[in-house]
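Dear colleague,

Please find below the structure I promised to hand over. My notes on its contents follow directly after it.

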Amino acid sequence: MISKQDGRSLLAIASEAVARASELIRTHPPGTLTVKGDRDLASEVDFAVERFVREFLSAKTPDIGFLGEEEGGGHGNSALLWVLDPVDGTINLLHGLPLCAVSLSLVCNGTVLAAVIDLPFLKTQYVALRGHGSFAAEKRIQVSTTTVLAEALVSIDQYAFGKDADDKNRARLLLTEHLAHRAQRVRVLGASAIDLAWTAEGRLDACILLGNELWDTSAGVLIAQEAGARVLDQNGADHSRDSSATIAVTPALATELMTVVRQALNESGYR
């Protein structure tokens, strides 16, 4: 692990890197698209952001490794690893929707130590250091105090595409149906980092993500946890790197929400 002083220093470096990356997103068109799979695209901006952040962090922290969604690993052989999603919500970006994010975490032997999520077009940055809370614009944030699902705003992740999409979407459709009957409202934002950050801030009362890629969730999970959220897997156990789902929820709502989630997932055959 690292000291509190070193953690704050590294968090400041991450915050600067992500802020500069957001400026790049705001000031450049998406450009040429790369097809990664069925309806799965990356833009020139995705690659440009990843390369910029990798180079920035390499200069500032040459002994820390790097993993990016688009181009994989980089420099460094230490137990510390920077993990980046350069543009979470690329499809939103391509359609001119402002719901996208740059998501960066610092991981040590599987434990997330620091996290930054920046929303370029909403000009909001969320940061967290393990054991020291979550903040937006230097103000500490906390999850909502909602206690019943009928008063809760819940987001689910985007519908699946590519291999096994029909099977994966069966679970999402059943979740939507069950929540439509029980929650106040259901939303699909299309960016996991925003789902988790807004749950941390209390804008959402819960988010349900049926996935757990490191670049998608690692920063948001820490920010949600440090804001007081319970972060669980699909069975209601504490979330871990090995979880196949990522569910963040304000604590008083967890039992009722997970009853609905387990019912929907069991009916769908989700594993």
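In strand β13, I208 is the bridge partner of I156. Please note that this is a predicted model.

Strand β11 (residues 153-156) runs parallel to strand β13 (residues 206-209), and three bridges join the two. Strand β11 also pairs with β12 in the parallel sense, again over three bridges; here S155 has R187 of β12 as its bridge partner. Between β11 and β12 the chain passes through helix α4 (residues 165-182), and this β-α-β crossover is right-handed.

V188 is partly exposed, at a relative accessible area of 44%. Together with Y159 and L173, V188 forms a nonpolar patch on the surface, and the accessible area of these residues together is about 260 Å².

I also considered the cysteines. A search of the whole structure finds zero disulfides. C207 is buried, with a relative accessible area of 0%. C108 also counts as buried, since its relative accessibility is 7% and the cut-off is under 20%.

With kind regards

Technical notes:
Residues are numbered from 1 along each chain as its sequence is written. This is a predicted model: local features need pLDDT of at least 70, side-chain atom pairs count only at pLDDT 80 or more; totals for chains, interfaces and linings use all residues. Side-chain values use heavy atoms; hydrogens and water are left out. A disulfide is a pair of cysteine sulfur atoms within 2.5 Å. Buried means under 20% relative accessible area, exposed over 50%, partly exposed in between (1.4 Å probe, protein chains only). Patches are made of residues with over 30% relative accessible area and no salt bridge: like charges are joined within 9 Å, nonpolar side chains (Val, Leu, Ile, Met, Phe, Trp, Tyr) within 5 Å. Accessible areas come from the Shrake-Rupley method with a 1.4 Å probe; for residues, only the protein chains shown count as cover. A salt bridge is a side-chain nitrogen of Lys or Arg within 4 Å of a carboxyl oxygen of Asp or Glu. Two strands pair if DSSP finds at least two bridges between them. Helices (H or I, at least four residues) and strands (E, at least two) are DSSP runs, numbered from the N terminus. A crossover is right-handed if, with the strands pointing away from the viewer, the path from the first strand over the helix to the second runs clockwise.
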